[in-house]
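Here is a short briefing on a predicted model. Please look over the sequence and the structure before reading on.

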Amino acid sequence: MSELSSTTGNLEVPYTPPPATPHLAPREWVRANLFSTPFNSVLTVMSALILATIGRGLLSFLFNPIRQWDATATNLRLLMTQAYPEEQYLRVWVCTAVILILTGLSLAVWRAGSHVPVTKVGRNLLATGAVVALMTLLAPFSASATVQWLVAAAVVAGAGETLRRGVGMRASASGAGGSDESGDQVATISTLTLIAIALGGLVASLWVVPYGHHSYLMDRTPRVLAEPGTVAMTTKLPWTIMLLIVVAATFLGRSMRDRLPTNATRATLLVAWLLAPPTLLYLVLRDPSFDMGHVLGTDLPIFGAYAIGGGLLLSWLTRPTTGEIGRIVAAVVLVVGFCTFLTPMRMIVRIDMLMLASFALAAPTFAGGPRARRRYVTGWLGVLGVSSWLITAINTPSTVDVPGDFFIGGLSLTFIVAVFTIVVSFPLGILLALARTSTMPIFRLLATWFIEFVRGVPLITILIFFSIMVPLFLPRGMELGEVAAVVIGYALFSSAYLAENVRGGLQSVTRGQHEAAEAVGMTTGQKTVFIVLPQALRVSIPPLVGHCIGVFKETSLLAIIGLFDVLYIARVVMPNQTEFMGSTRENVLFVSLIYWIFAYQMSKASMRLERRTGLGER
Amino acid sequence: MKSKFLKFLALFLTITVVAAACGSDSDGDDAAPATTAAAAATTTAQVEVVAEGSLLDVVQARGTLNCGVSGSAVAFSETQADGSVTGIDADFCRAVAAAVIGDAGAVNFVALTASERFTAVQTGDVDVLMRNTTWTQSRDSSVGMDFGPTTYYDGQQLMARVADGFSGSSTVADIDGAVVCTNVGTTTEKNIAEAALLAGADITLLGFETSDEVYDTFINGGCDITTTDGSALVGRKVKMQPADQEWVIFPATPISKEPLGPTYGQNDSAWADAVNWTVYAMIIMDEYGVTSANVDATCAEAEAEVARLCGGDGELQTAMGLSADAFHQVIKQVGSYGEVYDRNLNPVGLYREGSANAGWLDGGLIYSPPAR
C-alpha cells in the first residue's frame with residue numbers, strides 16, 4: 001500500500017523499503033537451508049552425491065583421451081560459415097565490427113549506470129575457484145594435471161578472497177569515517193569495466209596461451225593440419241582489433257550519452273539495429289556493384305519524386321482540418337497503387353506507390369500539430385529511403401563471387417534464418433492478432449482461417465512446400481533463392497503462433513482502457529497504436545521471447561531440405577569426414593553449448609526487459 | 001468502416017509485396033518498357049531452360065555444372081573443414097565439368113538428402129546426380145532416371161567380432177539368433193531381412209538414425225552384427241576398430257548388388273553421352289597408364305585410341321558437342337579412374353586389387369567400350 005502511494009506521489013506517505021533479508025554466516029546459512037531437518041539432510045546428501053556422479057561422468061567424458069576434440073577445432077570454419085570464400089572474410093569481420101560498434105554504443109547508452117559491489121565480484125571469483133578445485137578432484141586426471149588445475153583454482157580463489165578482504169577492509173576503514181552507505185558506494189565497479197576486463201583477458205590469452213592451430217589444407221591430397229602451441233595470426237589479430245573497436249565504441253557511447261538527448265540517441269540506435277540485418281546480409285552475400293549512371297538517372301529521380309510528392313501529400317493529409325476529403329484522396333491513391341501494381345512497370349515504382357497508399361490511409365491516425373506531422377513525413381522518407389535502397393540493391397549484380405547455393409551454412413545460416421524470420425514475423429503476427437480481434441468480419445475470418453490452417457500444418461511440410469513447390473509456381477523469369485523461400489515460409493508459420501501470443505496480450509487489456517481512450521476522442525487507429533498495443537505487447541513479453549528462442553532452435557529443421565545448419569553439420573557432416581569418423585558426440589556437445597549460450601542470452605534479455613517494463617510487479 | 005477496411009488491406013498488401021520482392025533475386029522488370037534496357041544489361045544473365053535443346057547446351061551456356069552430391073558420405077562426398085567437397089563422387093562431378101566446360105572448378109555442389117535427390121533432377125536443380133545412387137530397375141524406369149556407367153561396384157556386407165566366432169568365410173546362415181544394427185530408412189534394412197529369411201536365420205533388427213550411433217552400439221556390445229554397404233564397413237573398420245576388439249567383414253560375396261554411378265534425367269542422349277564418355281575416357285586412360293602427371297607428355301606422342309581421346313587425329317569429341325581436348329582436360333585437371341579411386345578410397349582402406357572395382361584386365365568389372 002505504501003509503495004502504491006509513494007508512486008502516485010500526491011499523498012505525503014513516505015516510502016518504506018522492504019525489510020532487509022537477514023545476512024547469515026555461511027555455517028548458519030547451510031544449517032538453515034540444507035540441514036534443517038533429518039529429511040532435508042538426507043535429501044541434501046543424496047542430491048550432492050547425484051550431482052558429483054554426473055559431474056564426474058561429464059568430466060571423464062570431456063577429458064577422455066579418445067575424444068576427438070580436434071574434429072571440432074579443425075571444423076570451426078565449417079560450423080560457422082560452411083563454404084564462405086576465405087578471401088572474402090574481410091566482409092565478415094567488417095560486419096562483426098559494425099555489430100560490435102552498435103553493441104558498444106548501446107551498452108554505454110543503456111547500461112552505463114549499473115554497478116556491482118567489488119565484494120560480490122570477489123565472492124564469485126572465490127566460488128569459481130572452489131568449484132574448479134572440486135571438479136579437479138572429481139575428474140580422472142593424472143597427478144601432475146590435478147596439481148596444475150588445483151594451483152589454477154587456488155590462484156582464482158585467492159584473487160577473489162584478496163579482492164573481497166582488501167576492499168572490505170578499505171570499506172570498513174572509510175566506513176569508520178563516514179556513514180555505511182558511503183562505504184558501499186566506494187566498493188563498486190561498473191559492469192562495463194568488468195565485461196571489458198573479462199573480454200580483454202580472453203583476447204590477451206590468445207597471444208599468450210598456446211591453444212594450438214588447426215586448419216585444413218586443400219591440396220591434391222587434402223590433409224588436416226594440427227600444430228600444437230601456436231595461434232594463427234588470422235585468429236588473434238582480428239579479435240584484438242574487435243576488442244579495441246568495442247572498447248572505443250563504448251567510450252564514444254559514453255560521451256554521446258552526456259552530450260546528446262537520450263531519447264533521440266536511443267531511437268537512432270534502435271533504428272540502426274533494425275536496419276543492421278538486411279544491410280549486413282547484403283554486405284556479406286552480395287555487396288551490390290551499383291551502376292552509378294543508372295542509379296543517378298533512374299532510381300534517384302524516382303526516389304526524389306516520391307519523397308517530395310509523397311511528403312507534400314502526407315503533410316496535407318495529417319493536417320487535422322483536412323477531414324473527409326483526405327480519406328477520399330487516400331482511397332484514390334490506393335486505387336492508383338493497385339493499377340500501377342498490375343501494369344508492367346519498374347518494381348520500385350509499384351512498391352513505392354503501394355507504400356504511399358498505406359501511409360496515406362494511416363495518416364489521419366497520426367494527425368496533429370506541426371511536430372507530429374513533421375515526424376510522420378520523416379517516417380515516410382525513412383521507410384522510402386530504406387526500401388528504395390533495398391529494391392535497387394536486389395536488382396544489382398553481386399560483387400561477391402560465390403559458388404552457387406552451396407556456400408552458406410552452419411551458424412551463419414541459423415542466424416540469418418532466425419533473425420529474418422523473427423523480424424518479418426513480428427509485424428505480421430501483430431497484424432494477424434489485430435485482425436483476429438477486430439470487429440470486421442472479413443478480416444477476422446481471414447486471420448482466423450490463416451492462423452488455424454498454419455497451426456494445423458507441421459513446420460516440416462511448410463519448409464518442404466516452400467523449398468520445392470513454390471519455385472515451380474513462380475512466373476517465368478522470377479527466381480527465389482532457397483534460403484529466401486524458406487525464410488518466407490518459416491515467417492508465415494511463425495507469425496501464426498506469434499499472433500496467438502499477441503492476442504492473449506490484447507485480451508488482457510481491460511475494457512476500461514478502450515473506453516478511456518475513446519472518451520478522450522481517439523480514433524480506432526490511435527487507440528490501437530498508442531493505448532492497446534503497448535500494454536498488450538508488454539504482457540506478452542514472456543511468451544514472445546519463448547517463441548523467439550523456439551524459432552532459433554527450430555532452424556535445425558532446415559536439414560530436412562538439404563541446407564546445412566550448424567546441428568546437421570555437427571551430427572552428420574563432420575562424422576562423415578574420413579579424418580573424423582565417429583566424432584558425433586563431441587560435436588553435438590559443442591553445438592549444444594553454442595545453442596545454450598544464445599538461448600540463455602535471449603532469456604536474460606527478456607528478464608531485463610520484463611524488469612524495465614515492470615512486468616510481474618503490478 | 002470503409003477506411004478501416006482499406007487501411008488493413010493496404011497494409012497487408014504492402015507487407016506481402018515487400019516480402020515477395022525482397023525474397024526474389026530478380027524482379028519482374030523483363031516486361032518493362034525501353035527505359036529499363038540499361039537495367040536488363042546490368043543484371044546477371046539468366047539462362048532460360050529451353051525445352052527442346054539438350055542439357056549439354058544449357059550447362060555450357062551457364063558455365064557451371066550443378067552437381068547433386070550427398071555432402072556427408074565418407075570417401076564419396078565429404079564436406080571438408082573449409083566447405084569444399086571432396087571424395088570420389090565429387091571428383092566425377094569435377095571431371096564432367098572439365099569435359100563439358102573445360103574447368104574442373106566450375107562445379108556448383110548441391111547437397112541433397114536421399115529423399116529429394118530425384119526431385120532435384122526432375123525440377124532441373126541439378127544437372128547430374130553423383131550421390132552414391134544405386135542403379136535399380138524401378139529408378140531406371142518408373143522414377144524417370146537414366147544411369148551412366150558404374151563407377152563403383154558396392155554391395156551390402158556384414159561386420160562382426162572375431163571373438164563371437166565369426167570369420168571371413170562366415171555366411172548369412174551363421175548369424176541365426178544375432179542382434180543386427182543398421183541405419184533406418186535405407187534399403188540395407190530390407191536387404192538383410194530378405195537375406196536372413198532366405199538363409200533361414202532368425203535375427204533381431206535394431207535401427208538407428210545415424211551411422212555413428214550404429215557403431216557406438218556395436219562397439220559397446222549392444223549388437224552382434226552391423227550391416228551396410230561394404231565400402232562403408234571397410235572405412236569404419238579401419239578408423240574405428242578399438243584395440244581390444246577384432247572385427248571381420250563377411251560374406252565375401254555381398255548379399256546385395258549396389259552399382260553406383262552418375263544419374264541424370266531420362267531421354268537426353270547428348271547429355272548422357274557427355275557424362276558417360278567422361279567416365280569411359282577416365283577408364284581407358286587408366287588402362288593405358290595415363291595419369292594427370294604424364295598426360296601432357298603422353299598426349300604429345302600418343303597413337304590410336306589415346307591420341308583420339310587426347311583430341312588428336314580422328315577425335316570424336318567435337319561430334320559430341322565437346323571441345324576436342326575435353327578428355328585431355330579431364331585427365332589433366334582431375335585424373336584417370338585409378339587416380340581418382342586411389343586418392344579418395346585408399347585412405348579408408350579400399351583398394352582396387354582383387355575387388356570388383358579392378359580393371360577388366362585384372363579380373364575386375366571396370367570396363368569401357370572402345371573409343372573409336
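Five residues of domain 1 of chain B are in contact with six residues of domain 2 of chain B. On the domain 1 side, the residues that touch domain 2 of chain B are four nonpolar, one polar and no charged. The C-alpha centres of these two domains of chain B are 31 Å apart.

**Domains**
- In chain B, domain 1 covers 55–152 + 260–362, and domain 2 covers 156–256.
- Chain A is assigned domain 1 (1–63), domain 2 (85–261), domain 3 (288–397) and domain 4 (404–618).
- Between domain 1 and domain 2 of chain A, six residues of domain 1 meet five residues of domain 2.
- The domain 1 side of that contact in chain A has three nonpolar, two polar and one charged residue.

**Chain B overall**
- Chain B holds 14 helices and 15 strands.
- Of its 372 residues, 45% count as buried.
- Take the contacts in chain B with a separation of 6 or more: 72% of them join residues 24 or more positions apart.

**The five-stranded sheet of chain B**
- The strand order is β11-β10-β12-β9-β13 in chain B, and this open sheet has mixed pairing.
- Why is one side of β11 and of β13 of chain B left without a neighbour in the sheet? Strands β11 (204–208) and β13 (247–250) of chain B stand at the edges, and each has a single partner strand.
- On average, neighbouring strands of this sheet are turned by 30 degrees against each other, direction ignored.
- Strand β9 (residues 156–161) of chain B runs antiparallel to β13(B), and four bridges join them.
- R161(B) has W247(B) as its bridge partner in β13(B).
- Helix α7 (residues 187–199) of chain B packs on the sheet and touches β9, β10 (179–183), β11 and β12 (225–229) of chain B. The direction of α7 makes about 150 degrees with that of β10(B).
- Helix α8 (residues 211–219) of chain B also packs on the sheet, touching β10, β11 and β12 of chain B. For α8, the angle with the direction of β10(B) is about 160 degrees.

**A parallel pair in chain B**
- Strand β1 (residues 65–69) of chain B pairs with β5(B) in the parallel sense, over five bridges.
- V69(B) has A111(B) as its bridge partner in β5(B).
- Strand β5 (residues 107–111) of chain B is mostly covered, with four of its five residues buried.

**Helix α10 of chain B**
- Is α10(B) largely enclosed or largely open? It is largely enclosed by the rest of the structure, because 14 of its 19 residues are buried.
- Its length agrees with expectation: at 1.5 Å a residue, the 19 residues (269–287) of α10 of chain B should span 27 Å, and the end C-alpha atoms are 26 Å apart.
- G289(B) follows α10(B) and has a positive phi, near 75 degrees.

**Backbone points to check in chain B**
- Most residues other than glycine have a negative phi, and most peptide bonds are trans.
- N267(B) is not a glycine, yet its phi is positive, about 65 degrees. N267(B) sits in the loop between β15 (263–265) and α10 of chain B. N267(B) is exposed, with 8 other C-beta atoms within 10 Å.
- A304(B), also not a glycine, has a positive phi of about 50 degrees. A304(B) belongs to helix α12 (residues 304–310) of chain B. With 13 other C-beta atoms within 10 Å, A304(B) is partly exposed.
- The peptide bond from F250(B) to P251(B) is cis, with omega near -20 degrees. P251(B) lies in the loop between β13 and β14 (258–260) of chain B.

Technical notes: Residues numbered from 1 in each chain as written. Chains lettered and ligands numbered in written order. Predicted model: local features only at pLDDT ≥ 70, side-chain atom pairs only at ≥ 80, totals over all residues. Helix = DSSP H or I, 4+ residues; strand = E, 2+ residues; numbered from the N terminus. Buried ≥ 20, exposed ≤ 12 C-beta atoms within 10 Å, placed from the backbone. Contact = placed C-beta atoms within 7 Å. Domains from an automatic or database assignment. Nonpolar A, V, L, I, M, F, W, Y, C, P; charged D, E, K, R; others polar. Expected span 1.5 Å × (residues − 1). Pairing = 2+ DSSP bridges. Axes fitted to C-alpha atoms, helices over the stretch in contact; angles between N-to-C directions.
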